[in-house]
Amino acid sequence: MTTVSSTPASTPASTPAPVPAPNAGPPHTPPPAMRLRELAFGAAVAAAVRAAARLKVADALGESPATPAELAAAVHAEPKPLQRLLRALSCYGIFAETEDGSFAHTEMSRLLREDDPHSLRNITLWCTEPWTWQAWPRLDDAVRTGDGANIFHELFGKGFFTYLHEDAHESAHVFNRAMTTSSVQSALDVADLLDLTGVSVVADIGGGQGHVLASLLEKHPTVRGHLLDLPGVVARADPRLRDGGPLADRTGIVPGDCREAIPVEADLYIIKNILEWDDESTRRCLRNVVAAARPGARVVVIENLVDDTPSMRFTTAMDLMLLLNVGGAKHTKESLRTRLADAGLVLDGIRPVNAYLHAFECTVPG
């Protein structure tokens, strides 16, 4: 793709942004009636962010402002509609319009670049996939009945993950990339948080491709690890953990379902971002961990919370999406405390991992 800039597209994302543009966004808080109108048109904002991500406008825009015509040529679009798209996004701080009608990067628009180390492009695409536009209008039914999973089945004739893998292959690919991006970005935060003093073996339960486990093993060269997840998931494990990888000799890859059994023993069990199912599935997972662990073993549960003030708009939106696609839910601090206590775990403390994740540090009682 042609990049419109006097500076190469590979310029690090940390390069200082241009001087703030005069039309970078509204400087005031709109009155309630206008704010409600804006929220009612929220689908237009989500669609605009998705369009910019799919067109790769952020990748095409370099370090210097560019005109809509220049950007349109780079992304194979029409200049006037692209100008309208960028102007709408600039109202929310995504791109900034300059006095001469060109557009420049902002902190948020950089996050739509694929080469940004904190890129949210894949997450943006996942949250706006085609199935979401069919599901969101049924949210009132999900709230009324409490059974979002059944509503998804009514819409698509099958469960969410079955639908993704059988009928929506591109969406499944987007989902996998989004989950990988999210896991990679948070793995180092988790590794920095956890003290592995006295730990010889770590088990990453429902750990996806094992990015958290790989980060921990790299940081602690004497520790061994197990990665447990569904067979199709661990088959795509982080190359560092697989045969031939630098951590393979310290890693056991275990295909399995943590809701059925956990056939590994460890000093530390990590459960990250998977306790979002129905209550019974969550109970089974936690009880299986307690059954597998020796007394005194540590269990760290890492989750987004819907009562975590810095990220509540994001996590409550994810909570509603979970209600609609799998009938699941995000936790509050209290609901997760209750689940952990019901499983027989002793909660030792809660610590923030980053702006949107918390770690619940527990011990298996003697």
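Student: At what angle do helix H10 and helix H16 pack, and how far apart are their axes?

Tutor: Helix H10 (residues 148-156) and helix H16 (residues 312-325) pack at about 60°, and their axes are 5 Å apart. Axes are lines fitted to C-alpha atoms, for helices over the stretch in contact, with angles from 0 to 180 degrees between N-to-C directions. Helices (H or I, at least four residues) and strands (E, at least two) are DSSP runs, numbered from the N terminus. This is a predicted model: local features need pLDDT of at least 70, side-chain atom pairs count only at pLDDT 80 or more, and totals for chains, interfaces and linings use all residues. Residues are numbered from 1 along each chain as its sequence is written, and side-chain values use heavy atoms, with hydrogens and water left out.

Student: So what do we call the way H10 and H16 lie to each other?

Tutor: H10 and H16 are oblique to each other. Angles under 35 degrees count as roughly parallel, over 145 as roughly antiparallel, 65 to 115 as roughly perpendicular and the rest as oblique.

Student: Which residues meet there?

Tutor: From H10, Gly-148, Ala-149 and Phe-152 meet Leu-323, Leu-324 and Asn-325 of H16. Contact means heavy atoms within 4.5 Å.

Student: New topic. How many disulfides are there?

Tutor: A search of the whole structure finds 0. A disulfide is a pair of cysteine sulfur atoms within 2.5 Å.

Student: Is Cys-285 buried or exposed?

Tutor: Cys-285 is buried, with a relative accessible area of 0%. Buried means under 20% relative accessible area, exposed over 50%, and partly exposed in between (1.4 Å probe, protein chains only).

Student: And what about phi? Where does Lys-56 lie, and what is its phi?

Tutor: Lys-56 lies in the loop between helix H2 (42-55) and helix H3 (57-60). Its phi is positive, about 60°, although Lys-56 is not a glycine. Most residues other than glycine have a negative phi.

Student: What is the phi of His-76 near?

Tutor: Phi of His-76 is near 60°, again a positive value in a residue other than glycine. His-76 is in the loop between helix H4 (68-75) and helix H5 (79-90).

Student: Which of the accessibility classes do those two fall in?

Tutor: Lys-56 counts as partly exposed at 28% relative accessibility, while His-76 counts as exposed at 73%.
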